[in-house]
Amino acid sequence: MNALRHVTFAAGLALAPVDAGGAEPTGWQALADERAVIRIADAIDRAVDAQDWKLARSYFADYVAADFSSLSGQPAATIASDDLIGAWAANLKGSKTSLHLRTNHQVAIEGDKATVLSNGYAWNGMEGNADPLWEVWGTYEHHLTRSDAGWKVDGFTFRMTHERGNPWVKATPGQ
């Protein structure tokens, strides 16, 4: 059994994406931490698209430094995570649907702090005013802290690089 664990570890290292910009994780715990923080970033998207607000909230610390200024025009601020999730829930409900995708994760972990950088794409769809689709591309930056409750997001930035479609879909809450 011990030999199988070593072979599995070696295979995991061999198949892990190479980060040309920094050191590779070493050891089981480093690989587990890297996978955990990527899983959380991805899971937030799945929870939002499923409109599962309780699950989405579970990935965040009590407060989050949120910066969506490139998308909303509002300045970055530290807010209660309940308020962040509440705003998402008020916008993405009922007749309004969404799909979030992310890729090219780059992870940096230092002790109990982690940063996940990724590229993202999202769309919102809603019937009622001409073109029912709005799309956005950009980069995400998630900051996480490990506590007794596990890894929690305490910083979340989205930097828009491109958008297209109907701005009414973006700005109008679902019914």
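**Contacts, core and pocket**

Reply: Among contacts in the protein chain between residues at least 6 apart in sequence, 58% join residues at least 24 apart. Please keep in mind that this is a predicted model.

Me: What helices and strands does the protein chain come to, then?
Reply: The secondary structure of the protein chain comes to six helices and six strands, and read along the sequence these follow the pattern α-α-α-β-α-β-α-β-β-β-β-α.

Me: And how much of the chain counts as buried?
Reply: The protein chain has 175 residues, and 36% of them count as buried.

Me: Which residues have the most contacts inside the largest nonpolar core?
Reply: That core has 35 residues, and those with the most contacts inside it are I44, W53, F60, W88, L144, V153 and F156. Two or more residues each are given to this core by the helices α2 (27-49), α3 (53-58) and α5, and also by the strands β1 (60-67), β4 (113-125), β5 (133-147) and β6 (150-165).

Me: Which of those gives the most?
Reply: That is α2, which gives nine residues to this core. As a general point, nonpolar side chains in soluble globular proteins tend to be buried together.

Me: Let's zoom in on V153. What does V153 touch?
Reply: Leaving out residues up to four places away in sequence, V153 touches I40, I44, Y59, F60, A61, Y63, V64, H142, H143 and L144.

Me: Changing topic: how much space lies in the largest pocket?
Reply: The largest pocket holds about 760 Å³ of space. It is lined by 30 residues, and the closest to its centre are F68, L71, S72, W88 and N91.

Me: Which element gives the largest share of that lining?
Reply: Helix α5, which covers residues 81-91, provides the largest share, with five residues. By class, the lining of this pocket has 20 nonpolar, six polar and four charged residues.

Me: OK, backbone angles now. What is phi of Q51?
Reply: Phi of Q51 is near 55°, which is a positive value in a residue other than glycine. Q51 is found in the loop between α2 and α3, and with a relative accessible area of 27% this residue is partly exposed.

Me: And A130, what is its phi, and where does it lie?
Reply: A130 has a positive phi of about 65° although it is not a glycine, and it lies in the loop between β4 and β5. Because exposed means over 50% relative accessible area, A130 counts as exposed at 70%.

Me: How far apart are S58 and I40 in space?
Reply: Their C-alpha atoms are 9.8 Å apart, while in sequence the two residues are 18 residues apart. S58 has its place in helix α3 and counts as partly exposed, at 32% relative accessibility.

Me: Which residues does A80 touch, leaving out those up to four places away in sequence?
Reply: On that basis A80 touches D62 and Y63. A80 lies in strand β2, which covers residues 77-80, and its C-alpha atom is separated by 9.6 Å from that of F60, which is 20 residues apart from it along the chain.

Me: Where is A108?
Reply: A108 has its place in strand β3, residues 97-110, and is partly exposed with a relative accessible area of 42%. Leaving aside neighbours within four places in sequence, A108 is in contact with K113, A114 and T115. A108 and V37 are 71 residues apart in sequence and 9.8 Å apart in space, C-alpha to C-alpha.

Me: Last one: what is the mean pLDDT of the chain?
Reply: The mean pLDDT of the protein chain is 90, and 85% of its residues reach 70 or more. Over residues 7-11, however, the pLDDT is below 50, and this stretch has four contacts in the model beyond near neighbours in sequence. Over residues 18-22 the pLDDT also stays under 50, and there the model has three contacts beyond four places in sequence.

Notes
Residues are numbered from 1 along each chain as its sequence is written. This is a predicted model: local features need pLDDT of at least 70, side-chain atom pairs count only at pLDDT 80 or more; totals for chains, interfaces and linings use all residues. Side-chain values use heavy atoms; hydrogens and water are left out. On a 1 Å grid over the protein atoms alone, a cavity is a set of points where a 1.4 Å probe fits but cannot get out, and a pocket is an open set with protein on both sides within 12 Å along at least five of seven lines; lining residues have an atom within 4 Å of a point. Grid points are joined across faces, edges and corners, and a volume is the space filled by probe spheres set on the points. Helices (H or I, at least four residues) and strands (E, at least two) are DSSP runs, numbered from the N terminus. Ala, Val, Leu, Ile, Met, Phe, Trp, Tyr, Cys and Pro count as nonpolar, Asp, Glu, Lys and Arg as charged, and the others, Gly among them, as polar. A nonpolar core is a set of buried Ala, Val, Leu, Ile, Met, Phe, Trp, Tyr and Cys residues joined through side-chain atoms within 4.5 Å. Buried means under 20% relative accessible area, exposed over 50%, partly exposed in between (1.4 Å probe, protein chains only). Contact means heavy atoms within 4.5 Å. pLDDT is the predictor's confidence in each residue, from 0 to 100.
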